Amino acid sequence: MTQGCEAATIGLRPADVVMRLERLGSAHQTRLSFLRALLRRMRAESWRIARLRFDIDGKGVGTAIYTVDVGERLYSLVAFGHDLAPERRTDRVIAEEWDATFALCDGIPNEAGIERLRRNVPLQEVGRYLSSELVLARANRSVRLFDQVLSALCEGRQPDRAAVEATGYLMRTTAVYGNGKFGIADRDLIMDRPELTGPFRAEMLTVYLIRAFTVDLVEHLARLAGGSRAVGLEPALRRRFGIGNATGLGMAPFLVKHPALVDRWITARETALAKVRGVETAGAREIALFRAALTHSHRLLNDWLTDDAVQSRKIGELRRDLLRLDVFATDTVLGGSRPFDAIYRFAEAHLSVEAQEYAVTLVIEPHGELVDGLAEQMAIDETEGLRIDGSLRCADLRRLIEAHCGFAFEPDFRSEEARARFWYVSEEKLEPRLGERFKEPGMEREQPLAVARDIAALARVLADERPETSVARFLLTHPEHRHSVRRVAIAARHPYSEIWGNLIGAELRPIDILRCKLAFFGATRFDPRSDRWLRITLFQGAPFPDELASCDTDLWAYGA
Amino acid sequence: MIVSLNEIEMTVLKAARGAGLPWGLSEEAAQAARWLARLGLPFEAPLASLLASQAWRADLVLNGTHLRSRSDEAWLCPIRAGAWLSDLGDIVPVRIDRVLWPILLLPFAARRTRPVELAFAGTRLLTGGATFAIRQGDLAALRQPMAERVEVMAPDSCDLEQAPLRRPEGGVEIDMTGWSKLQGFEALTYVPASLESRLTGAGAAQSDND
């Protein structure tokens with residue numbers, strides 16, 4: 001048993017360290033990540049997942065339904081398979097057709113309901129939905145691996161493991177929509193259901209079911225084509241299939257638009273880190289789990305491939321740094337006082353930022369009992385930040401900015417470099433885009449993501465305001481600063497609400513913002529395809545629905 | 001058409017911004033619409049008309065807690081006035097003169113920690129939290145496009161029964177005329193594609209048949 005926990009003596013890492021773009025862009029999954037919290041809940045509550053229907057033809061066209069019985073309620077994933085011409089296949093949001101489309105439903109739809117879904121779900125954004133639908137998604141095949149696996153299974157043999165590891169999934173989702181999009185249920189409607197209270201829980205459940213669908217599909221197609229010769233995937237190899245995802249700029253504004261929520265996520269992880277660093281002596285079980293996670297990580301990282309030069313260099317440094325961590329984490333260190341603090345401090349002093357954040361993942365991993373409860377504290381009622389306290393004086397507001405918004409004063413916004421970009425929503429696809437402010441038209445339609453610039457502007461105006469003027473009166477005459485005042489008020493209560501970086505600077509790599517959110521989802525194998533979009537893998541190594549009950553380890557997350 | 005509360009919030013946010021409201025007030029308009037929609041109250045036509053009026057540009061005069069426009073011709077924007085009403089906290093009484101669509105003040109008055117009474121043109125409303133009650137007048141009075149004077153005061157009694165937060169289970173049926181106008185304003189926030197933005201706006205395209 002682990003002895004003693006004096007979390008109070010180790011503080012949380014400060015926001016001006018944690019919230020830097022470079023560090024957000026080096027985030028890794030932890031046991032608090034949303035998909036891991038979902039799997040723990042599924043296992044603890046013995047959710048029953050069943051394949052209710054699988055009417056799919058040899059071309060992959062048809063309908064499949066999976067049901068999820070959580071005890072109190074039933075959910076279902078309705079999947080439609082399509083025959084997609086290769087030239088129509090694109091991961092980008094500009095796509096209009098996909099290999100498969102999905103809806104997660106409240107309950108199980110009847111035939112009329114399925115017909116209605118069949119008329120809408122394949123159209124995705126162009127369809128209309130009801131509040132009985134909770135999530136909408138679509139996926140495309142990873143053509144090369146899908147075909148390779150299919151032909152192997154047809155011929156009665158297992159696919160090549162190296163090929164499976166190189167890609168890691170049979171299909172990748174290209175969008176997963178929740179919270180009221182296109183008429184589906186508002187999050188308000190489901191947030192009080194205990195099984196769906198965690199952030200993105202319904203979305204994670206959808207993706208988990210889609211993963212099961214992808215392996216069922218390839219096995220089904222193999223049986224149709226190969227007949228009695230065909231075989232199914234051997235279970236250990238089957239678990240190496242995660243589900244892919246391609247994500248672009250559409251996701252980036254989320255982190256900026258939900259400051260208080262982001263603070264809850266980061267606070268949970270940072271609290272977990274502080275707690276485990278405060279552990280006085282490690283138990284044998286914790287030491288063994290830490291070592292196992294570290295050992296498995298070496299192989300896991302060998303399979304993390306990308307063509308992106310920056311990420312490729314970071315992975316190389318991470319591999320090298322984990323070897324150094326191996327050398328440092330001797331029996332003496334792990335058996336000594338505050339072993340996980342020692343490991344974290346070693347990482348902080350000697351390893352790359354990517355490896356420092358991986359060390360955070362590793363030291364948290366063995367401490368489920370200590371930290372798993374934090375995963376239940378990652379949601380927040382955002383309406384709490386709605387009302388501005390107008391009784392504050394302008395002098396108070398200035399002090400709050402100075403105390404909590406240091407990020408606003410780091411860039412020199414007089415330079416064009418610092419304002420080089422602007423965020424906008426494209427008329428063509430109604431999706432967020434990043435433009436060049438001084439080269440492209442449209443900056444008068446800028447989205448409010450230039451938080452640092454806007455708070456700096458507020459600070460300049462406040463400098464000329466009488467200190468005793470109330471914020472209510474100030475905002476009545478300066479409504480253009482209202483959004484910034486609200487953010488300052490949130491930052492004062494939520495230390496990790498703001499990114500310590502310039503989101504409109506020439507140096508911005510938007511994938512750093514995406515990476516942070518995806519790590520909280522539980523993503524692995526970040527594969528940037530440009531500075532604006534990337535591919536990832538979810539649930540790789542995770543138990544399938546039929547394995548949940550018998551899987552008694554969390555080390556699947558490290559490829560065990 | 002039936003829409004979700006999130007669609008209402010997003011459409012109104014963008015519509016308000018597209019019409020020219022600053023972002024902070026656009027957020028307030030979006031939250032106000034969500035509050036009204038949840039109670040089945042009209043927001044589409046009032047907001048569409050308000051956004052066309054550009055009333056938030058009027059010069060204001062603030063005298064203690066009495067807000068009015070500088071010019072006798074101008075009418076006040078209930079989003080701008082409502083945001084101020086919300087910022088004031090629990091201060092009463094408050095008087096707002098010549099304001100458009102007084103129903104749009106309701107969600108802001110409701111944010112106070114204690115219920116308040118709103119009185120205008122023979123109508124008296126009690127509001128607080130997620131609900132409201134008509135003390136005098138009728139629902140039709142809520143659709144008045146303007147009020148010469150709105151007074152916000154402490155109620156004689158606070159017998160406002162807090163109805164449980166209504167969740168429109170099946171979504172919200174909207175008035176398409178007003179909604180279409182809001183969508184027109186919404187479109188003004190979008191940036192048309194240029195050759196350069198197609199190439200780089202979301203990252204260079206590569207083949208996905210891999």
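Student: How many salt bridges are there between chain B and chain A?

Tutor: Start with the general idea. Side chains of opposite charge can pair when their charged atoms come close. Keep in mind that this is a predicted model. Between chain B and chain A the count is seven salt bridges. One of them joins D87(B) and R482(A), at 2.9 Å from N to O.

Student: Which elements of chain B give two or more residues to the side that touches chain A?

Tutor: Among them are the helices α1 (5–19), α2 (23–38) and α4 (78–87), and the strand β2 (60–63). The largest share, eight residues, comes from α2(B).

Student: What is the area buried between chain B and chain A?

Tutor: About 4,900 Å², with carbon and sulfur atoms giving 46% of it. In residues, 52 of chain B are in contact with 60 of chain A.

Student: Which residues does E428(A) touch?

Tutor: Leaving out residues up to four places away in sequence, E428(A) touches A193(B) and R198(B). E428(A) sits in the loop between β10 (421–426) and β11 (432–436) of chain A. Its relative accessibility is 45%, so E428(A) counts as partly exposed.

Student: How many salt bridges are there over all chains?

Tutor: The count is 71. Take E365(A) and R31(A), whose closest N and O atoms are 3.3 Å apart. This pair links distant parts of the chain, 334 residues apart. E365(A) is in the loop between α16 (353–364) and α17 (368–371), and R31(A) is in the loop between α2 (21–24) and α3 (34–44).

Student: Is E365(A) buried or exposed?

Tutor: Read the relative accessible area. Buried means under 20%. E365(A) is at 3%, so E365(A) counts as buried. R31(A) is at 5%, so R31(A) is buried too. Both belong to a network of salt bridges that also includes R36(A), R40(A), R43(A), D372(A) and D554(A).

Student: What are the accessibilities in the pair E97(A) and R88(A)?

Tutor: E97(A) has 33% and is partly exposed. R88(A) has 37% and is also partly exposed. The closest N and O atoms of this salt bridge are 2.8 Å apart.

Student: Which residues make the nonpolar surface patch?

Tutor: L52(A), L74(A) and I108(A) make a patch of about 260 Å². L52(A) lies in strand β2 (residues 48–56) of chain A. Its relative accessible area is 51%, so L52(A) is exposed.

Notes:
Residues are numbered from 1 along each chain as its sequence is written. Chains are lettered from A and ligands numbered from 1 in the order in which they are written. This is a predicted model: local features need pLDDT of at least 70, side-chain atom pairs count only at pLDDT 80 or more; totals for chains, interfaces and linings use all residues. Side-chain values use heavy atoms; hydrogens and water are left out. Patches are made of residues with over 30% relative accessible area and no salt bridge: like charges are joined within 9 Å, nonpolar side chains (Val, Leu, Ile, Met, Phe, Trp, Tyr) within 5 Å. Accessible areas come from the Shrake-Rupley method with a 1.4 Å probe; for residues, only the protein chains shown count as cover. A salt bridge is a side-chain nitrogen of Lys or Arg within 4 Å of a carboxyl oxygen of Asp or Glu. Helices (H or I, at least four residues) and strands (E, at least two) are DSSP runs, numbered from the N terminus. Buried means under 20% relative accessible area, exposed over 50%, partly exposed in between (1.4 Å probe, protein chains only). Contact means heavy atoms within 4.5 Å. Buried area is the accessible area (1.4 Å probe) that two parts lose on being put together, summed over both.
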